[in-house]
Amino acid sequence: METKQWVVDKHQQNIESYPQIIEAASLLQKNEVVAFPTETVYGLGASALSDEAVAKIYEAKGRPSDNPLIVHISTIGQLHNIVQEIPEQAERLIAKFWPGPLTLVLKRKEDAVSKKVTAGLETVAVRMPSHPVALALISASGLPLAAPSANTSGKPSPTLAKHVADDLTGKIAGILDGGATGVGLESTVLDCTSEVPVILRPGGVTKEQLEAVCGVVGVDRAILREGEAPKSPGMKYKHYAPTAPLTIVNGQVEFIQSLVNEKQNEGLKVGVLTTTEREDKYKADKIIACGSREDLESVANRLYDVLRLFDESGVDVIFSESFPSEGIGQAIMNRLTKAAGHKIITE
Ligand code: TXA
Ligand code: MG
């Protein structure tokens with residue numbers, strides 16, 4: 001299949017009426033799949049109302065179909081069409097964080113979206129993205145869009161249109177290129193079906209920010225401990241993994257360097273994932289600074305691109321520094337730990 005590519009400048013006015021958006025929206029109305037930028041990562045969108053369209057998403061990604069998708073909307077009216085009720089806590093969170101990187105899991109209305117979107121669950125995950133291109137595309141299509149991250153299943157999520165093209169060219173109808181995404185990690189998935197909301201996936205909106213709006217917020221035990229069965233089906237898969245095995249190291253530069261030397265002595269090419277503060281302190285085959293330790297948002301923003309750059313560099317093993325797990329650090333360590341298959345060495 002030919003994959004069309006359109007470039008859209010997100011800073012322009014009236015993006016909805018752009019020919020690129022109109023063309024992409026008309027493909028969505030024909031039940032085709034189109035990738036688009038959001039403020040978190042690129043999404044792979046298709047009509048949430050059509051079994052045929054949603055099946056194409058799973059096929060293009062090579063994604064197991066027991067893993068449900070997030071429905072992306074551009075108006076609150078669409079939310080009312082999809083869910084049975086909006087609990088008071090959810091109302092307050094919506095007022096504060098939408099549009100933005102927060103996905104709410106709510107009780108779905110019968111037959112409001114394709115059963116393939118919700119993978120047989122009684123609930124549905126919904127979010128209103130804040131990226132102008134995403135909002136324009138949803139409005140122009142007039143459809144709620146089911147959209148997972150636009151990567152091949154198991155690869156790091158795409159933060160540039162190039163990442164999408166590398167994974168999915170020939171498999172989808174089009175890619176809207178709106179430049180680099182903002183947060184760089186996916187949205188926070190919050191289950192709002194119980195009295196105390198529970199974080200199923202840490203992401204762009206932090207636990208601290210949520211608690212400031214609605215008091216105590218729980219965290220799914222599977223996020224905190226290996227081996228627990230997660231409530232969010234997607235969290236059980238090995239995700240975000242670079243090709244070379246990655247190990248997180250809790251330790252000083254000298255200790256990490258000693259691990260690098262050991263592997264190099266075995267004849268292996270070694271990569272180090274570090275930050276701007278320490279990038280000059282290592283000797284290895286590939287050293288990549290993933291943002292600054294002083295600004296964890298910059299680490300989140302670069303993480304997936306850096307994991308993909310290690311893939312391209314041809315190293316055999318990667319050692320990564322560890323990060324504090326407060327604020328956005330919780331999402332960073334969640335993704336990094338998954339990328340490492342839970343391999344962590346402590347000095
Ligand atoms: O930032 C994001 O959320 C991006 C952009 C494109 O919006 N999307 C994204 O989608 O990360 P995806 O499909 O890669 O991840 C969706 C996560 C999965 O872990 C899935 O299992 C979970 O949300 N999920 C979806 N519906 C759910 C439901 N009804 N109950 C619990 N978890 C659900
Ligand atoms: Mg994903």
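Searching the whole structure, which is a predicted model, turns up 0 disulfides. To count as a disulfide, the two sulfurs would have to be within 2.5 Å.

So are these cysteines buried or exposed? Cys-214 has a relative accessibility of 8%, so it counts as buried. Cys-290 is buried too, with a relative accessibility of 0%. The cut-off here is simple: buried means under 20%.

## A glycine in a loop

Now let's look at Gly-179. You'll find this glycine in the loop that links β8 (174-177) and β9 (188-191). Its relative accessibility comes out at 28%, so Gly-179 counts as partly exposed.

What does Gly-179 touch, if you skip its neighbours within four places in sequence? The contacts are Tyr-42 and Thr-159. There's also Asp-9 to think about: along the sequence, Gly-179 and Asp-9 are 170 residues apart, yet in space their C-alpha atoms are 7.8 Å apart.

## The annotated domain

An unreviewed UniProt entry carries the annotation "domain: YrdC-like" for residues 18-205. In the model, that span is 32% helix and 19% strand.

Key: Residues are numbered from 1 along each chain as its sequence is written. Chains are lettered from A and ligands numbered from 1 in the order in which they are written. This is a predicted model: local features need pLDDT of at least 70, side-chain atom pairs count only at pLDDT 80 or more; totals for chains, interfaces and linings use all residues. Side-chain values use heavy atoms; hydrogens and water are left out. Buried means under 20% relative accessible area, exposed over 50%, partly exposed in between (1.4 Å probe, protein chains only). Helices (H or I, at least four residues) and strands (E, at least two) are DSSP runs, numbered from the N terminus. Contact means heavy atoms within 4.5 Å. UniProt positions are given in the numbering used here, feature names are shortened, and annotations may be inferred rather than shown by experiment.
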